[in-house]
Amino acid sequence: MSSQILPAETDFSPVGSPPESHSSSRSQVCSHITLPSLSSTQLSYPCTLPLEFHRHIFEELLSEDGLLILSRGLGLRRIICALLKIYSDKESLVILLNANGHELNFIKEELAECGVKKPGLRVVNNETNSKERSELYVSGGILSITSRILIIDLLQKRIPTYLITGILVMHAERVNETSTEAFILRIFKEENKEGFIKAFSDSPESFISSGLSPLQTALQLLQLRKVFLYPRFHVMIRDCLEQRKADVTELYQPLSPSMDEIQQAITECIEACLSEIKKGNGNWLNVDDLSVENSFFRSFDVLIKQQLEPVWHRVSSKTKLIVNDLTTLRKLLEYLVSYDCVSFNSFLETIITSQTPTSALSQQQQSPWLSLDAGNTIFSVAKRRVFVRTSTTIPTDNTQKNSYPTSKLPPGIQPVLEELPKWNLLAEILQEIESDITSHATETSRTSSEGEDLSHLNNTILIMMENERECSQLREYLSTMHIAERQGLDKERSKEVNSNSERDEPPKRGTFQRGQQPPNKRRRIRGGSNTAASVVPTRKSKAKLLEEEAQEIANFINSNQTILPEVSTAVTFSTNTSLNNSSSTSCYDDEFDVEAFSTYFGLLDLRDLIIIRPISGEEDDRVLQSIKPKYIIIYHPDQAFVRRVEVYRTFYPDLPCKVFFMMYENSIEEQKYLSVIRKEKDAFEKLIREKSIMAIPLGRPLRVINNQYESLNINTRIAGGRITQQIKEPKIIIDVREFRSSLPSLLHQSGIEILPCTLTIGDYILSPNLCVERKSISDLIGSFNSGRLYTQCEAMSIHYKQPILLIEFDRNQSFTLQSINEFRPDIGMNDISSKLVLLTITFPRLKIIWSSNPIATVEIFQDLKKLEEEPDLETAQMIGLDDGEIDDSLITNNAIESDYNLIPQEFLRSLPGVTSKNYKYIMSKVENLKELSQLSKNELQNMVGNDNGNKLFEFFNRDVKEEK
């Protein structure tokens with residue numbers, strides 16, 4: 001079943017085929033499709049392609065099909081949107097593949113801003129039935145279709161390939177020989193020689209990962225012959241982006257001594273783990289990839305697991321444990337520079353707790369790095385960053401007594417609460433920005449007095465973080481950083497403020513107290529020109545801000561407003577007499593009070609904002625263009641976002657923009673950032689070298705037609721056997737749910753005709769006598785536990801002479817059901833092997849076939865089909881249906897159930913009391929799942945019988961809370 005959320009109102013009702021008049025008119029229009037002419041007016045798109053290198057790439061893609069590989073952050077989505085705008089008219093049908101929901105939303109918005117008329121980009125997913133899809137295909141335009149739906153519609157001829165003008169493939173690095181996208185492109189090029197294919201990618205590292213000629217292989221899978229490479233060091237891109245450089249200040253903040261000590265200890269642990277892996281697994285691993293530098297990336301542990309997966313059953317338990325430890329150590333390196341000291345120490349304590357020897361966890365199963373001296377250093381130094389133990393129970397230092405509320409701490413514990421060095425550096429940057437804004441205030445006020453409009457001025461500060469967790473952490477720090485300033489105020493002023501707000505002031509967060517001063521930072525300034533969500537005020541002094549906030553909080557609490565929505569720190573809380581007199585329950589009224597809303601909410605002034613956002617890829621381009629910040633603080637170094645700032649600065653050369661680039665010096669953060677830049681540069685150099693020597697043969701067949709059936713059709717009585725009989729292409733009927741796997745694509749590539757439909761019994765019908773139920777290892781275990789496999793084997797044994805259970809392994813997994821370490825002297829009834837034996841005893845005619853990978857399955861199917869007749873589609877569809885369910889009108893269609901929504905159908909068949917014999921009858925009586933769940937017990941019993949009706953009624957009406 002699909003993992004997508006199913007609306008209860010999704011209909012089961014069948015739909016008809018599209019009117020013939022629309023189809024005929026559409027075929028007349030599309031029978032002579034030509035590419036749009038490239039006039040000068042069509043090639044000028046200032047809303048999307050204002051830069052020269054964007055327009056150059058766009059013109060190249062329009063003139064010739066190919067694969068575009070562009071560096072990250074240089075506006076790949078802009079080029080895609082410009083191409084979609086060209087083909088947005090209804091005279092062409094262009095399909096967009098491999099776009100996720102988040103990307104589709106932004107593409108729709110960008111197309112609307114560029115003037116694309118409605119309906120624009122339309123999305124076809126599992127909620128779109130076959131009739132609606134057929135109408136969309138006929139109407140033309142630009143469509144985004146999921147790969148599984150498109151391949152089924154292509155095979156069922158619901159969308160004739162001559163209607164398709166072209167296909168745009170996003171994330172081309174994901175296309176491999178077993179992917180559905182490669183299957184789609186192969187069918188499209190076989191039947192439509194004139195249609196175009198254009199592929200896009202911003203991940204050059206993916207095209208040099210494996211194989212002898214990975215780029216050439218990728219082009220063959222994409223049915224393309226040309227590649228366009230545009231790295232950041234391309235002459236055109238370099239000249240365009242360096243015309244107007246941003247005013248960049250690079251700030252290199254050293255780590256604190258304790259953080260540096262922890263980082264060195266974690267690096268030692270990683271080196272020890274890597275050396276241990278090399279000792280016993282050097283024959284199975286690429287030793288050159290096992291370096292500390294590569295271990296900083298998330299793909300490292302995945303790469304090791306992929307290399308060890310074919311021999312995973314021969315790998316020792318210690319090696320498996322070390323591979324998992326590498327993931328933990330990599331996370332520790334990331335958390336060291338992003339988590340505060342308390343959160344980092346808490347994460348380490350969870351590791352210690354999980355590794356404590358218990359009855360379930362033996363001493364041999366503990367992580368080896370915990371017993372190293374470096375491992376002990378990690379835990380001890382991390383604890384010293386939070387607190388230290390003292391010999392005296394009560395501190396005598398008055399400063400310490402005032403700094404921390406030690407009355408709530410255990411005796412002998414003195415808090416340290418070391419701050420992240422970047423926090424203090426960020427505070428200094430904000431002070432510098434505040435001084436810069438203040439210095440221009442006099443000039444601004446003088447200009448405003450002369451009558452000029454200053455509404456366009458913008459002093460917005462944009463701070464870009466790595467993730468949302470860091471954003472919330474920094475918001476809390478910026479909202480509490482004034483607490484340290486309070487301690488430096490005059491005693492009388494402090495007493496006065498504390499007496500007024502002592503009972504109203506919220507408790508201080510000890511985690512974010514101002515601790516020790518950071519080491520001196522190193523600053524480097526590049527550029528000299530004046531170029532280039534939480535909200536916090538920037539112009540008010542901190543002492544005055546403290547008094548105002550204390551008074552506002554006191555007024556707010558005293559106003560007896562117990563229930564109010566949470567607002568930002570930039571919104572001031574003022575008393576409202578109308579709200580004071582209202583009860584707390586009045587806040588839940590449905591009536592909208594405009595006066596109360598305007599009191600607490602409103603538009604914020606862009607001239608006085610600090611916006612904190614996580615780095616979000618292509619979405620950051622729209623953020624920069626919408627808010628047009630004057631100050632950009634890159635808190636977390638990100639290669640793609642730095643380039644987006646360069647592109648933004650080139651877009652708006654007249655807008656002032658100052659960039660502050662923050663980085664920990666001599667840290668994992670710096671090394672990872674430089675490694676990303678170097679890896680991308682090396683990847684482009686290898687691609688350029690391979691492009692110069694690459695040769696793709698002309699006229700290469702898209703499929704390998706197997707001629708093994710010709711020898712079976714030679715008649716020696718006709719010309720001595722020199723004339724062979726005309727044979728048809730072999731056919732296999734496949735259930736539409738099987739298109740989630742790679743096997744249908746491989747069968748089609750081997751020269752077998754694929755007939756997709758919804759089968760009641762079996763997954764693959766090889767002949768009128770052979771029915772195959774395919775199971776992966778995980779699916780096999782789940783089917784045994786649920787009892788579904790018994791029902792499936794029973795149905796195959798009743799309707800077919802030769803039922804077959806195919807157990808298929810993944811090509812990267814070891815070809816063994818159980819590893820050597822899992823064998824036990826006694827075999828229980830719950831073991832998978834015991835269940836397989838019982839299954840063969842229960843169904844003597846059932847044959848079990850073991851396949852090592854999908855490629856081996858194709859060869860097995862070809863051998864099984866020898867001397868067998870071809871299956872009939874209509875007969876296979878009717879097998880398993882009751883006599884009352886068979887309708888002549890359904891038989892004439894391409895598929896009996898293909899006109900139904902498959903997702904709610906699968907959900908219905910998984911309910912208790914619903915069987916393969918009654919689910920069709922239920923679908924004819926109710927419109928959707930919601931209507932079925934609202935039926936009474938008698939109505940359900942009359943529909944599916946007493947026993948099944950009781951099961952279905954109890955499932956819909958049971959109380960989960962009482963069961964817990």
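User: Where is Met-829 found in this predicted model?

Analyst: Met-829 is found in the loop between β20 (802-808) and α31 (832-842).

User: Does Met-829 count as buried or exposed, and why?

Analyst: Exposed means over 50% relative accessible area. Met-829 counts as exposed because its relative accessibility is 58%. Together with Val-837, Leu-838 and Ile-841, Met-829 makes a nonpolar surface patch of about 410 Å².

User: Which residues of helix α12 are buried?

Analyst: In α12 (residues 299-308), the buried residues include Phe-300, Asp-301, Ile-304 and Leu-308. These residues lie on the same side of α12, because they cover an arc of only 95 degrees around the axis. Their cover includes α11 (257-281) and α13 (317-338).

User: How do strands of a sheet pair?

Analyst: Strands of a sheet pair through backbone hydrogen bonds, either parallel or antiparallel. Here, six strands form an open sheet of mixed pairing, in the order β17-β16-β18-β19-β20-β21. At the edges stand β17 (753-757) and β21 (847-851); each has a single partner strand, so one side of each is left without a neighbour in the sheet.

User: In which sense do β18 and β19 pair?

Analyst: Strand β18 (residues 764-765) and strand β19 (residues 770-776) pair in the antiparallel sense, over two bridges. Ile-765 has Cys-771 as its bridge partner in β19.

How values were computed:
Residues numbered from 1 in each chain as written. Predicted model: local features only at pLDDT ≥ 70, side-chain atom pairs only at ≥ 80, totals over all residues. Heavy atoms only, no water. Patch = residues over 30% accessible without salt bridge, like charges linked within 9 Å, V, L, I, M, F, W, Y side chains within 5 Å. Areas by Shrake-Rupley, 256 points an atom, 1.4 Å probe, with all protein chains shown as cover. Salt bridge = Lys/Arg side-chain N within 4 Å of Asp/Glu carboxyl O. Helix = DSSP H or I, 4+ residues; strand = E, 2+ residues; numbered from the N terminus. Buried < 20%, exposed > 50% of the residue type's maximum accessible area, 1.4 Å probe, protein only. Arc of directions from axis to C-beta. Contact = heavy atoms within 4.5 Å. Pairing = 2+ DSSP bridges.
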